[in-house]
Amino acid sequence: QVQLVESGGGLVQAGGSLRLSCAASGRTIRSYAMGWFRQAPGKEREFVAASTRIGGSTDYADSVKGRFTISRDNARNTVYLQMNSLKPEDTAVYYCAANAGSGIHSYTTYDYWGRGTQVTVSS
């Protein structure tokens, strides 16, 4: 199994930027599709971004496309989420997840999860 630990969350004003990190251990992230999800209190967990393990393709939710970028540093076994032009509606707990199988958009298809990091965007 792989263990995931998110970091980099915090408080930022609207229009600002944050970079989230997901440090993996136990397995190489090369073996997994990696995803970022977020969840606000009382709301369901939603897909944000993903990077497939084969082909290096990426995908984004429409709400973050053009503002967020997912990337991998395989040597450091770390996945990043660069978040620019942040909006108050981006406020949520952000989770890193690993998927050993197929499917990248639904949280139900991911096998391993970090504990999350809080992102708060003020207006």
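This is a predicted model: local features need pLDDT of at least 70, side-chain atom pairs count only at pLDDT 80 or more; totals for chains, interfaces and linings use all residues.
View 1. Is Ser21 buried or exposed? Its relative accessibility is 17%, and because the cut-off for buried is under 20%, Ser21 counts as buried. Beyond its neighbours within four places in sequence, Ser21 is in contact with Val5, Glu6, Ser7, Trp36, Thr78, Val79 and Tyr80.

**View 2. An open sheet of four strands.** Here strand S3 takes its place in an open antiparallel sheet, with the order S1-S3-S8-S7. S1 (3-7) and S7 stand at the edges with a single partner strand each, so one side of each has no neighbour in the sheet. On average, neighbouring strands are turned by 15° against each other, direction ignored.

View 3. Look for Arg72, which stands opposite Val79 of S8. Val79 is also one of the contacts of Ser21.

**View 4. The largest nonpolar core.** This core holds 35 residues, and those touching the most other members are Met34, Trp36, Leu81, Met83 and Tyr94. Strands giving two or more residues to the core include S3 (18-25), S4 (33-39), S8 (78-83) and S9 (92-99). Which strand gives the largest share? That is S9, with five residues.

**View 5. Tyr94 and its contacts.** Leaving aside neighbours within four places in sequence, Tyr94 is in contact with Glu6, Leu20, Trp36, Phe37, Arg38, Val48, Phe68, Leu81, Met83, Gly116, Thr117 and Val119.

Technical notes. Residues are numbered from 1 along each chain as its sequence is written. Side-chain values use heavy atoms; hydrogens and water are left out. A nonpolar core is a set of buried Ala, Val, Leu, Ile, Met, Phe, Trp, Tyr and Cys residues joined through side-chain atoms within 4.5 Å. Buried means under 20% relative accessible area, exposed over 50%, partly exposed in between (1.4 Å probe, protein chains only). Contact means heavy atoms within 4.5 Å. Two strands pair if DSSP finds at least two bridges between them. Axes are lines fitted to C-alpha atoms, for helices over the stretch in contact, and angles run from 0 to 180 degrees between N-to-C directions.
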